[in-house]
Amino acid sequence: MQVPISPAAAALYRALVSRTGAPREQVVLAAVQSSDWQSLTLTGEQHAIDLKLTGPGSGASAKLLCDALEDAEFAIPGQIVADIGLAAPPHVTADGSVEISLEALTIEE
């Protein structure tokens with residue numbers, strides 16, 4: 001099943017995968033919701049993203065993703081990640097995978 005995803009959310013997902021240091025197939029996009037956002041002078045999207053990190057080293061990959069996330073810089077063409085953070089603490093499941101829920105705001109450059 002393919003999750004419908006906006007171009008900004010897809011680019012953010014790719015950047016998050018890169019931040020984990022894990023192979024792409026070990027960072028599963030479990031859910032994504034994006035909604036339009038605008039201020040008086042800016043437009044963008046708010047995102048709620050749920051990831052599941054699987055396989056050996058999922059705990060270490062989750063740590064790489066989450067450590068100093070709020071201060072991270074992301075190189076996403078045409079977008080600025082204005083705000084990002086954990087929506088809840090990471091959750092380790094019975095099979096050793098790690099579930100991470102994030103919230104982010106991207107703004108069009």
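Predicted model: local features only at pLDDT ≥ 70, side-chain atom pairs only at ≥ 80, totals over all residues.
Q: Which elements make up the protein chain, and in what order?
A: Count the elements, then read from the N terminus. There are two helices and five strands. They run α-β-β-α-β-β-β.

Q: What does the radius of gyration say about the protein chain?
A: Set the value beside the one for a compact globule. For 109 residues that would be near 13 Å, and the protein chain has 14 Å, so the two agree. Along the principal axes, the C-alpha atoms fill a box of roughly 45 × 30 × 25 Å.

Q: What percentage of the 109 residues is buried?
A: Buried means under 20% relative accessible area. By that cut-off, 40% of the residues are buried.

Q: Why is helix α1 described as largely enclosed?
A: Count its buried residues. They are 10 of 14, so the rest of the structure largely encloses α1. Among them are Leu12, Tyr13, Leu16 and Val17. The cover includes β1, β2, α2, β3 and β5.

Q: How far does α1 reach, from first C-alpha to last?
A: Compare its span with the expected one. Helix α1 covers residues 7-20 and reaches 20 Å, close to the 20 Å expected at 1.5 Å a residue. Just after α1, Gly21 takes a positive phi of about 75 degrees.

Q: How far apart are the mean positions of the positive and negative charges?
A: Take each kind of charge in turn. The protein chain has 5 positive and 14 negative charges, and their mean positions are 9 Å apart.

How values were computed: Residues numbered from 1 in each chain as written. Heavy atoms only, no water. Helix = DSSP H or I, 4+ residues; strand = E, 2+ residues; numbered from the N terminus. Rg over C-alpha atoms; globule rule 2.2 N^0.38 Å. Buried < 20%, exposed > 50% of the residue type's maximum accessible area, 1.4 Å probe, protein only. Lys, Arg positive; Asp, Glu negative; His and termini not counted. Charge placed at Lys NZ, Arg CZ, Asp CG, Glu CD. Expected span 1.5 Å × (residues − 1). Contact = heavy atoms within 4.5 Å.
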